[in-house]
Amino acid sequence: MGKTLWRDRLEPDQSHGSALGEGMGTSCQRRQLSPSTWQQWLTQRTPAPSGEIVSEITKIPAVDSLVVLRAIEQILPSPLNHFYWENRQQQRASLNFGTLSELVPQGEDRFRQAQQFITHWQPRIQRNINVPIPYFSCGFTFFSAQTPEAPFPAGLVTIPRLQLVQHQQDYFLVLNGDRQQRTLLRQIAQQLRQFLATLPQELVPSLGIRGTVCTASTGFTQAVRRALRLIDQGKLSKIVLAHALDVTANQAFDVVHALDNLRDRHPDCCVFSLRNQRGDTFIGASPERLLAVQQGQLVTDALAGSAPRGESLLTDQRLAKSLLHSEKEQREHQAVADFLLGQLQSLGLDPQAAPRKLLKLSNIQHLWTPIHAILPPQIHPLEVVAHLHPTPAVAGVPRAIACAEIRQAETFDRTLYAAPIGWLDSQGNSEFIVAIRSALIRGNHARLYGGAGIVAGSQPEREYAEVQLKLTSLLEALT
């Protein structure tokens, strides 16, 4: 079955402008500033560093990453790749711009290729301050096979030129360059500190988007019925099917506005954004942690089985109790937990599952089992990612059969949806989320993704309603 590719629906963007703020009023008009040294340095494409990377780290006053994202993208004449990651609950944020060095791994071996790239550069970064900086941003698509027309490659690992990092109460400006650029980096750091001092402390509210047209992907309930037949035949025990909603507005979507909405509405989720230099931006707010590694302690989340939140406390408690005692939801959740435990054990780890609990989000609640393990130094975090992705929470059981069925049943390409997105620092720490509750944006077009787990006893109409609940929350954040 042919896929609806992202670029099948779009004409090339001739404006070469940012998708932030066109037609958004005076607060979002592009600033008319002459290019400064730091702007030229940030956008230049030069050969990768030959030997070592110099990282100039400066502690700075508190700054909102989204204020900086909006300001820089209004100044630059063409789209610049960025990576944004914020978890308010953890008081952690990172905003990366530009490319100092990158790897585009391909094929089934992409995680190992990425691991080798990171392992090569980690000891070759010279820092003037010994603080953990997430130097390596990573994005991997759901499926390893991607066409040249796809908005994002099968894998992308980037060492950025410019970073703004929040770690609890501390904020850092980070400039990365070749060792021969040490003096230049210090000069640019001074320019950037002056630039940051001119920015407002809070994000100026946007007017939002009006006049949207929505087109849903077809065949979701039919795909659910087919999946239930395969489950009845014993070929599958679970499969996760996704649904896409294409939204076209009468003006460019304001990505920063959407991200600000997402972090306000989902403070317990990881809010993220990846933009390429063609202007495609993938954003979302994910509650699902694929893995986090801090000082050798690994944690992953079994997150499956869901119910809506209630409008009253009594209704919410009733829905939560029903979720906790639902045989169907428990079975769906246990498939994920068993898979994660088994995959970690296959790496020689000794994972321990915490008691099952509820993860309550603003509009939905999930069954949640945190799983902990000690990660020895000889096992790289990306080796764990390769073993875990895709989990039954976004694919199914058995995994290979479920993925083959997903390719046949879904009429669109998942790209980065439900895929691993994350970062690694120079000290072995890392975090990857599963990129659910997400959207792909280019100019005035957005594709929203949502999925539902199908097991024996699933009802097509109910699963469709669950997906619509997820899409509605994302659509409200965009507009």
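## Cavities, a pocket and selected buried residues

Ala-223 touches Leu-241 and Ala-409, when residues up to four places away in sequence are not counted. The model is predicted. A search of the whole structure turns up four cavities of 30 Å³ or more, and the largest pocket has a volume of about 420 Å³.

**Ala-223**

- Ala-223 sits in helix α5, which covers residues 220–232.
- Its relative accessibility is 10%, so Ala-223 counts as buried, the limit being under 20%.
- Pro-460 is 237 residues away from Ala-223 along the chain, yet the C-alpha atoms of the two are separated by 8.7 Å.

**Nonpolar core**

- The largest nonpolar core has 146 residues.
- Phe-136, Leu-241, Phe-282 and Leu-448 are the residues that touch the most other members of this core.
- One of these four, Leu-241, is also a contact of Ala-223.
- Leaving aside neighbours within four places in sequence, Leu-448 is in contact with His-243, Ala-244, Leu-245, Val-247, Ser-438, Ala-439, Leu-471, Leu-474, Leu-475 and Leu-478.
- In soluble globular proteins, nonpolar side chains tend to be buried together.

**Largest cavity**

- The largest cavity holds about 230 Å³ of space.
- Its lining consists of 21 residues, and those nearest the centre are Ala-393, Ile-436, Arg-437, Gly-451 and Lys-470.
- At least two lining residues come from each of β11 (238–248), β15 (297–308), β23 (445–455) and α11 (460–478).
- Strand β23 supplies the largest share of this lining, five residues.
- By class, the lining of the largest cavity comprises nine nonpolar, six polar and six charged residues.

**Second largest cavity**

- The volume of the second largest cavity is about 110 Å³.
- Its lining is made up of Leu-262, His-266, Cys-269, Ala-285, Leu-361, Asn-363, Ile-364, Arg-437, Leu-469, Lys-470, Ser-473 and Leu-474.
- Arg-437 and Lys-470 line the second largest cavity and are also among the residues nearest the centre of the largest cavity.
- Leu-474, another lining residue of the second largest cavity, is in contact with Leu-448.
- Helix α11 gives the most to this lining, with four residues.
- Seven of the lining residues are nonpolar, three are polar and two are charged.

**Largest pocket**

- The largest pocket, at about 420 Å³, is lined by 25 residues, of which Asn-81, Glu-102, Leu-156, Arg-275 and Asn-276 are the closest to its centre.
- Strands β2 (82–87), β3 (92–97), β6 (136–140), β7 (155–159) and β12 (270–275) each contribute at least two residues to the lining of this pocket.
- The biggest contribution, three residues, is that of β6.
- The lining of the largest pocket divides into 11 nonpolar, 10 polar and four charged residues.

**His-389**

- His-389 lies in the loop between α9 (381–388) and β19 (396–397).
- Its relative accessibility is 8%, so His-389 counts as buried by the under 20% limit.
- A polar atom of the His-389 side chain lies 3.0 Å from the backbone oxygen of Phe-142.
- Not counting residues up to four places away in sequence, His-389 touches Arg-110, Phe-111, Thr-141, Phe-142, Arg-399, Ala-418, Ala-419 and Pro-420.

Conventions. Residues numbered from 1 in each chain as written. Predicted model: local features only at pLDDT ≥ 70, side-chain atom pairs only at ≥ 80, totals over all residues. Heavy atoms only, no water. 1 Å grid on protein atoms, 1.4 Å probe; cavity = no way out; pocket = protein on both sides within 12 Å on 5 of 7 lines; lining within 4 Å. Points joined across faces, edges and corners; volume = space filled by probe spheres on them. Nonpolar A, V, L, I, M, F, W, Y, C, P; charged D, E, K, R; others polar. Buried < 20%, exposed > 50% of the residue type's maximum accessible area, 1.4 Å probe, protein only. Polar contact = N/O pair within 3.5 Å; in protein donor to acceptor, adjacent residues only side chain to side chain. Contact = heavy atoms within 4.5 Å. Core = buried A, V, L, I, M, F, W, Y, C linked by side-chain atoms within 4.5 Å.
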